[in-house]
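Q: Please take a close look at one single residue of this model. Then set what is found there beside other parts of the model, in one connected account.

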Amino acid sequence: MEHNGFLQEQKTLEGDLNSDTSHKSSVDFLMNWFRKRSIFVLAYGTGCGAIEMPPTFTSRYDAERLGIRGAATPRQADVIIVSGYCSYKTLRRIIRTYEQMSNPKYLLALGSCTVNGGMYWDSYNTIKKLEDYLPVDMYVNGCMPRPESILEGFIALQKEIGEGKASSWQKYEENYEFYRKNQEAVLGEKVEPSYDADWYLYDGGL
Amino acid sequence: MENKHITIFHGPQHPGITGNMSVELDLIGETIQKATTHVGYLHRGFEKLIERRTVIQAFTIVCRICVPEPDPNEANFAMAVEELAGLEVTPRAQYIRVMVLELSRLAAQFLWMAGQSGSIGLYAVGQWAIADRDLILDLFEELTGARVYHMYIYPGGVRRDLPEGFLERVSTLLTYMKKRLKVYDDIFINNASFKSRAIGVGVISKEEAVANGYVGQVLRGCGIEADVRKDAPYLVYNELEFEVPTQTAGDVYARALVRRDEMDQSIHILEQVVAKMPEGEVMIKMPTHRKFKLPKDDTWVKVESARGEFAYYMAGDGSEKIRRMQVRGPSLVHAFTLLEDLLVGAELSDVALIMNSLGICPPEIER
Amino acid sequence: METMMFKQIKSHFATDDVEVKRNDLYKVGVRHERLFELIHMLRDEYDYKTLNAITCTDWIEEGHFALTYMLTTEDRKHTFMIQTMINREDAHIKSFSHEFKQAEIMERDLHEMYGIDFQGNKNLKELSLENWVHTPPLRREFDTLEFVNNNLTFREGRDDNIDTKVESKRLRALKKAEKEAAKKAKEAAAAETVKDEEVKDGK
């Protein structure tokens with residue numbers, strides 16, 4: 001493969017994007033095409049891998065040419081990136097954030113810590129297999145993954161969205177008892193964080 | 001009107017927070033009455049993991065204690081093991097270690113610039129600063145094989161020698177950086193909107209800074225010339241010539257000026273290191289590099305990282321495993337004693353500004 | 001000035017000799033009843049104004065915790081490590097949070113990790129752990145691998161995963177056996193040809 005600068009690089013990145021094969025109707029095709037071209041990533045750096053996210057989203061590796069940009073709150077985001085290991089405290093907040101996001105939503109797991117515990121395989125405060133607690137769409141391995149790997153992960157995710165195969169949010173809703181059982185086994189009966197109080201109970205009520 | 005009091009969480013999922021931590025704020029309107037810091041979202045139990053590992057096994061995870069700037073951790077670990085085991089490092093390895101530490105400091109200061117300018121809305125500075133930092137990471141990739149977690153400084157020296165022509169590439173980068181930093185002066189340091197937001201905000205007094213154990217640019221912004229490289233020199237810093245910049249105002253702008261001047265000093269040190277690099281071996285000859293017998297003794301070593309004094313306590317017990325290693329990063333006291341004090345009476349929109357200026361990095365607080 | 005300070009410490013507090021580790025690092029051990037007096041003396045008479053860290057090492061074989069306080073002079077050129085031993089069971093010591101503001105967070109950290117009670121510290125809440133009901137984790141009797149194996153599950157591994165040390169030993173032994181067999185076969189073949197030639201000659 002000759003190195004011809006930007007054009008060649010763009011072709012290798014986008015080459016797979018237009019080969020969508022399985023879609024049920026042209027409406028489905030259009031919906032998936034729109035969804036994959038505009039991905040909003042939640043601004044949440046949960047672990048070590050968050051240090052390679054600024055280079056991916058700024059001018060050198062430029063994820064915005066693929067339609068990917070940051071979003072500030074869970075209600076506005078499409079993708080949540082779990083960038084590395086999850087301690088119990090973080091897992092509670094990730095579950096709360098994930099359940100706040102509106103469908104369709106996708107989860108990208110970075111690093112080897114989400115696959116099998118990684119470097120912290122014998123730590124008493126991190127979980128070893130993220131799939132037991134939240135449904136994962138795409139794994140990107142590395143410790144930590146380079147910006148080029150993260151971009152490849154996004155391209156693969158976009159291809160799956162285009163073919164209609166990325167449906168982890170449906171998996172979460174259908175198998176909610178399974179996920180909830182695993183979450184409770186690790187976090188206790190009350191999975192929500194303890195500050196979850198209704199705001200109007202302060203100051204004596206409405 | 002009732003319901004003026006409100007309690008909100010600033011973090012952990014927040015675009016304006018420096019890492020994965022949170023600050024619980026009690027507000028009346030937009031003025032903060034009380035702030036409580038919460039950490040523990042990144043707790044991995046490092047000190048327990050290291051007790052189960054020998055020196056070479058611990059060396060692979062020690063650099064992950066501080067995510068934005070891993071090299072002071074490796075240097076501290078190597079220096080502590082060398083002190084306990086009684087090893088003496090060759091001059092070439094010491095100069096290479098100084099070069100790695102100063103390049104890492106430059107990269108961390110660029111990351112600070114991106115965070116600080118993003119906290120007030122100057123997002124263009126962030127784009128440029130992260131791209132310039134990537135040029136330093138390219139050098140690291142050539143030298144050590146990885147962009148962020150290097151695993152290069154090992155007890156006894158460094159892992160491998162410099163590649164061909166590496167010093168010329170470092171010099172080219174330094175010439176580029178000297179020209180480029182003047183651009184940052186124009187768009188960030190002398191920017192009128194940064195000055196109007198930063199002057200007079202987050203003021204720390206000199207007496208309280210010394211008594212409460214604050215370190216690093218917090219002390220330098222109050223007028224105290226505090227730098228571990230001058231007070232208790234380690235490696236070959238006593239052979240290199242550099243200054244310690246200070247300001248007297250003690251506010252966010254003073255600390256920003258101090259950090260900007262430190263970047264110039266880092267470039268000055270690197271030029272001297274490139275000119276003076278001695279020949280020789282980079283690793284001392286040992287029968288095996290895999291086993292270190294640590295005597296029943298303890299020690300306390302410290303280096304100057306970009307955010308302040310980083311110290312390690314290490315104790316051995318006569319076996320091959322490390323008995324206890326405690327990490328004392330600069331952010332432990334800054335995030336609790338200092339931040340909860342500074343935020344009382346501040347505005348909600350200044351929280352991100354103050355946190356970035358103190359350089360609070362949560363992974364080293366809870367390890 | 002150092003020797004005067006060392007003499008005063010040794011005579012007044014009945015300690016061992018002050019150990020000089022580097023030219024900027026000293027260490028002394030003192031009984032925990034006299035700890036406060038020693039730190040006050042260093043702070044008031046000898047300029048050791050800053051408390052940098054409090055660390056703890058668990059010597060389970062000897063039945064005590066070794067608490068170390070790091071004090072630094074105002075010009076940051078000298079550090080003193082003051083070590084004291086407290087009992088492992090029912091560990092408690094008076095808190096420094098009234099005199100050094102930063103001691104509050106350091107003692108909170110040690111309380112959570114070792115279970116030491118710092119009497120007088122009003123803020124001994126949980127810091128890094130949340131709703132932790134087991135033993136304080138940094139104590140030596142807490143086995144982290146056993147905890148992980150009891151409470152968490154790993155991903156199922158590959159079925160053909162083999163231990164590399166065992167496998168490389170086996171391969172080396174195999175290669176050696178093959179070499180021996182080849183050598184023996186060559187020798188046998190050479191002996192055969194010699195025997196054939198002898199028979200031919202003899203004939």
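A: A:Phe34 is exposed, because 11 other C-beta atoms lie within 10 Å of its own; the term exposed applies at 12 or fewer such atoms, buried at 20 or more and partly exposed in between, with C-beta atoms placed from the backbone. The model is predicted, so local features need pLDDT of at least 70 and side-chain atom pairs count only at pLDDT 80 or more, while totals for chains, interfaces and linings use all residues. Residues are numbered from 1 along each chain as its sequence is written, and chains are lettered from A and ligands numbered from 1 in the order in which they are written.

A:Phe34 belongs to helix H2 (residues 26-37) of chain A; helices (H or I, at least four residues) and strands (E, at least two) are DSSP runs numbered from the N terminus. Between the C-alpha atoms of A:Phe34 and A:Arg92 there are 32 Å, the two residues being 58 apart along the chain.

Whereas A:Phe34 is exposed, helix H12(B) is largely enclosed by the rest of the structure, because 10 of its 12 residues are buried. Among them are B:Phe336, B:Leu338 and B:Leu342. The buried residues of H12(B) pack against several elements of chain B, including strand S3 (31-38) and helix H13 (351-358), together with helix H3 (103-114) of chain C.

In chain B, 55% of the 367 residues are buried, and the secondary structure comes to 14 helices and 8 strands. Of the chain B contacts between residues at least 6 apart in sequence, 70% join residues at least 24 apart. The C-alpha trace of chain B spans about 75 × 45 × 35 Å along its principal axes.

Terms used:
Contact = placed C-beta atoms within 7 Å.
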